[in-house]
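Thanks for coming. Please look at the screen.

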Amino acid sequence: MNESAVHLKIRGVVQGVGYRYFCYRTAVGLGLKGHARNLPDGSVLVEAEGGRAELEIFIKELKVGPMHASVTDIDVNWSEPQGEFDSFQVW
């Protein structure tokens, strides 16, 4: 499997709408590891590691988000996985 890592910053209406838990459910379903957390500027930071194909599906899903979210922009930065995550967590 082609392992990769991705660092995402998601902007829009993404806090207070269950977005991080949507990230969690989606990541776990795809077998990804990492975390999602709110940032003070109202955005959500997501770091994830796993198969490149699964990460690409993950990003597509995060562009839509849960029902009450409205994603306006996602910064996507790919890198080599560091193996620093044991599971996917919400902070």
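Start with Gly83, which sits in the loop that links strand S4, residues 70-79, to strand S5, residues 88-90. Keep in mind that this is a predicted model. Is Gly83 buried or exposed? Its relative accessible area is 58%, and the cut-off for exposed is over 50%, so Gly83 is exposed. Gly83 and Gly34 are 49 residues apart along the chain, and their C-alpha atoms are separated by 9.5 Å.

Glu80 lies in that loop between S4 and S5 as well. With 59% relative accessibility, Glu80 also counts as exposed. From Glu80 to Gln15 the separation is 65 residues in sequence and 28 Å in space, C-alpha to C-alpha.

Now to another loop. Ser43 is found between strand S2, residues 33-38, and strand S3, residues 44-51. Ser43 has a relative accessible area of 1%; buried means under 20%, so Ser43 is buried. Which residues does Ser43 touch, leaving aside those up to four places away in sequence? They are Lys9, Ile10, Arg11, Val14, Gln15, Arg37 and Asn38. Within its own stretch of chain, the side chain of Ser43 makes a polar contact of 2.5 Å with the side chain of Asp41.

Next, the helices. Two packed helices are described by the angle between their axes and the distance between the axes. Here the pair is helix H1, residues 19-30, and helix H2, residues 52-64; their axes come within 10 Å and cross at roughly 155°. Angles over 145 degrees count as roughly antiparallel, and H1 and H2 are therefore roughly antiparallel to each other. Their crossing is right-handed.

Which residues meet where H1 and H2 pack? From H1 there are Tyr19, Phe22, Cys23, Thr26, Ala27 and Leu30. From H2 there are Glu54, Ile57, Phe58, Glu61 and Leu62. Sorted by class, this contact of H1 with H2 has eight nonpolar residues, one polar and two charged.

Val28 and Phe88 are 60 residues apart along the chain, yet their C-alpha atoms are separated by 6.7 Å.

To recap: Gly83 is exposed, Ser43 is buried, and H1 and H2 are roughly antiparallel with a right-handed crossing. That is what I have.

Definitions and conventions. Residues numbered from 1 in each chain as written. Predicted model: local features only at pLDDT ≥ 70, side-chain atom pairs only at ≥ 80, totals over all residues. Heavy atoms only, no water. Helix = DSSP H or I, 4+ residues; strand = E, 2+ residues; numbered from the N terminus. Buried < 20%, exposed > 50% of the residue type's maximum accessible area, 1.4 Å probe, protein only. Polar contact = N/O pair within 3.5 Å; in protein donor to acceptor, adjacent residues only side chain to side chain. Contact = heavy atoms within 4.5 Å. Axes fitted to C-alpha atoms, helices over the stretch in contact; angles between N-to-C directions. Parallel < 35°, antiparallel > 145°, perpendicular 65-115°, else oblique. Left-handed = near helix turned anticlockwise from the far one by under 90°. Nonpolar A, V, L, I, M, F, W, Y, C, P; charged D, E, K, R; others polar.
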